[in-house]
Amino acid sequence: MVEPADRPSTAGQRLGAPESFGVSTLEPGLRPPVQPPGRQVSIRVQMLDDTQEVFQISQRSPGKVLFDLVCVHLNLSEGDYFGLEYQDQRKMTVWLDLLKPTLKQIRRPKNTILRFVVKFFPPDHTQLLEELTRYLFALQIKHDLACGHLICNDTSAALMVSHIIQSEIGDFDETQSWQHLLHNKYLPDQDAIRDKITDCHRKHVGQTPAESDYQLLEIARRLEMYGVRLHPAKDREGTKLSLAVAHIGVLVFQGYTKINAFNWSKVRKLSFKRKRFLIKLRADPAQNAHHDTLEFAMASRDCCKIFWKICVEYHAFFRLFEEPKPKPKPILFTRGSSFRFSGRTQKQIIDYVKDSELKKVPFERKHSKILSNSSMSPQSSSFRSQVPKEVADQPDSTRLGIRAECNGSEEPPATTTNGFHDIPAAPGSDPTQSRQNHHGTGSAPDPQFLNPESPGSEDSPEGSPHVVANGNGSVNGRGTGSIGVLGQSPEGRLLSPLTSPLLTDAGCVRHDDEDEARRKKFPTDKAYFIAKELLTTERTYLKDLQVITESFQSVAGKDEAFPDSVKNVISASYDPVYKFHQGFLKEVEQRLAQWEGRSNAHIKGDYQRIGDVLLKNIQGLRQLTVHLQKHSECLVELERACRSNRKAEAACRDFEQQRVCYLPLNIFLLRPLHRLLHYKLILERLCKHYPPTHDDFRDCRAALADISEMVLQLQGAMMKMENFQKLLELKKDLTGIDNLAIPGREFIRLGCLSKLSGKGLQQRMFFLFSDSLVYTSRGMTPSNQFKVHGQLPLYGMTIRESEEEWGVPHSFTLFGQRQSVVVAASCESEMERWVEDIRMAIDLAEQTSSPNTDLLSTSLSDNKLSDDGGAELESEEELCGSRSSLERQGHRGNTTVHVCWHRNTSVSMVDFSVAVENQLSGNLLRKFKNSNGWQKLWVVFTNFSLFFYKSHQDDYPLASLPLLGYSVTVPSESENIHKDYVFKLHFKSHVYYFRSESEYAFERWMEVIRSATCSASRSLPSTRKDLY
């Protein structure tokens, strides 16, 4: 064996390891390290595959010798991500110190089993360049799931277990998979979700063990509890919390919910004194604030020291460029700890593996019954898979947050006070960029910034944590925040979000440094952002189709009340469309991944276009026209079934109560027809953007011609069905009308007006149809329906403005054949809209000779509205109910009718038509008026509302924000929103800020939101009857 002295410059010596400590894991091909002379001792180590190995070490050997022996045994070149842990004599789990003699740490080696486990969890598993390393990480995830340490919801748990099973037994076989689950325990409550696991497993056909590891890590890394080890603590008020450390900094948890995070760039010093763990934050020069000190009480001084040590190591591993040098020994006495991180930093590991052409050594997968494919190259996943996070339902109880300003500042290099070093700030540094790019401009922090038992930490009690109720980062009491783009498998295949839904953590205030860094890497061409809009809206569209093809069909299939004809027509009409769009979405995802992938930057002409994908799929969509034409039949058949069978009607009503049905059911049935309009608008923007000489222009123009022909062919049926659907929806909100959707009746406008009566002005909800004007008040029924008070036939009606006559602002009088009604609008613009639409409806009523005899006339019977002559039949209870808040209502409290009632506004059929065209989805950063951080949310705009999700994979929204009555503007300078692409939504005292990723996205969000917040100024065409 070559002695260390004979090798003038080994990797271990270059990184500062003592000469006699043997080889570094940088040289995986070398023999076991040379050990100091002395008696040999046997040490047992349990590996991640649950096998135990015995290693012989000298009794004077430091911990690094044992650790290197384990890495050499495994042929592991990225061993510095791992560590050896054990239980000491105090029954506390601690990490083996690599610089101290092993037997001074393990007093009874014969009775102690060390565990070889993952110690440092990187933020992105693609930074693990060896397949063996990813396999060991996958084993760690498997262990954490089985022990209940990795907390997640059932969907993500089932998906992760399905990937584990795929790597162990291969492709799905029902008998084999079922038996495998019976004999192996992957989750504490595995039996409850066994069916869900098998459903996920059957989707992984052809996936190799290496790909399964990759997918498993892709899911796990987005979970909030990924790599988290909780250390119990309390704040100054005695609230039970937990501390943890991650690549980004120090985290604070309450239960399993992250409530705060202190980024390394914001932390000046970590220390502990007795049982108190102290976090000193950098002062914010903009606010002229003093240094904040946060204090947490832990169970004992030993607990503080254990947590402080792992913080030191995490900071050094992820933030430093190289291993910290040892401190010089003091001459007289020491203050503080001499502990330091020993080993390579993440940057050194990545640089070494990239620079070295390491020969891939085959390895055995202990639990796998199939051959391992070890041919994955370290760069096989050049596209970072940025998939969405897990939705974890939050309790409705008050969220707690640590009130600590974490806004970083630039400071000079570390200074020494009281003999202790502080953390030097890296000017302008981004911790994410420094870890991933390793070319940061800021200076590396001093490794000795984390000092125990600092005497100067007691004089800042005002820096301790304060508990605040309903902290930043909640949406209607539920936490939010997340990510979603696309990714690739290790073999270069695109990951479909439909086959690998990733979930995320509970909401908390996010620092958006990572989003800034990632945004700078995206292409800047406008065509890319148009294509990205196609991707994001296609994801939402596919989720909406799932409501029909999966959720509703499963309910209808189990309920005998639904006739087979209804089930068959829905299945035959929607299933082929859903399957087609699954393939379409995968192609769009693949093209976008290639477009924005860094490795494809030199292939600009091949992948930086979308017209060819659109042309191919729109031509395929034309083959489905026969199915699209039957969607109106599905709507009519379903309505007929509900009218003839009360059980079917109750089943539909119960289904609409489910969270997955976030819109009225009939709207989902019309989604495929609406989607054609979206394709047309996207292609129009692409053709307008491209010059005629562009390579993509011809394909886009051809696709636009095809989709325009389809829209023209289906437009008549689409408009009829939109009107029919709106009448059916209004029928659910009204009581006192037997049949609203009669042939020939068209909906024109609904909204709030004040009706003048003997009791004064009273709020009423008016509904304008092509033949009558109905006015109602909100009743006290369980579903808060509106009770009809009267009907005014439009035939022979006249209208006159009467503000001067009655002295009521914005009032006008409606003169009917049997009665007259004086009403007042909330503002002049509202009055103008109502007067214009009523006059147009009167003209339509006078021109109508007879009702149409079309498709609708065969499905619905003719039944007139009862007219009570305008008699007022209200009570004090109804008046109280009319003033109740949205929060008091049930499921139907957020319908358009109720929103108009509470916002005192109106909306027309033209507005609904515009809203159909202006649907949008994507990621936005959201900030409240008085909050400090931005949260990343998946936001869907449809039906005049914003729906908030943790990620695009979620089945239902966590919250919604109806936009009727809101104003959308750009923040003023006085609001101190120093970010690009920010727009502001405000209604009375409610203020929200939203931030988009690009100028194009900003303009699109402003455009579609204005369509909801500003009622359409254009009136319905005089030839409206020709459209329906």
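Predicted model: local features only at pLDDT ≥ 70, side-chain atom pairs only at ≥ 80, totals over all residues.
Local features need pLDDT of at least 70, side-chain atom pairs count only at pLDDT 80 or more, and totals for chains, interfaces and linings use all residues. Residues are numbered from 1 along each chain as its sequence is written, and side-chain values use heavy atoms, with hydrogens and water left out.

Q: What makes strand β7 largely enclosed by the rest of the structure?
A: Buried means under 20% relative accessible area, exposed over 50%, and partly exposed in between (1.4 Å probe, protein chains only). In β7 (residues 240-246), 6 of the 7 residues are buried, so the strand is largely enclosed. Strands here are DSSP runs of E of at least two residues, numbered from the N terminus.

Q: How do you know that β6 and β7 pair?
A: Two strands pair if DSSP finds at least two bridges between them. Strand β6 (residues 231-234) is joined to β7 by 4 bridges, and the two run antiparallel. P232 has S242 in β7 as its bridge partner.

Q: What makes β7 and β8 a pair?
A: The antiparallel pairing of β7 with β8 (residues 249-254) has 5 bridges. A244 stands opposite L251 in β8, and a hairpin of 2 residues joins the strands.

Q: Why is K91 called exposed?
A: Its relative accessibility is 65%, so K91 counts as exposed. K91 lies in the loop between β3 (82-87) and β4 (93-95).

Q: Why is Y981 called partly exposed?
A: Y981 has 30% relative accessibility, so the residue counts as partly exposed. Y981 sits in the loop between β34 (967-969) and β35 (982-987).
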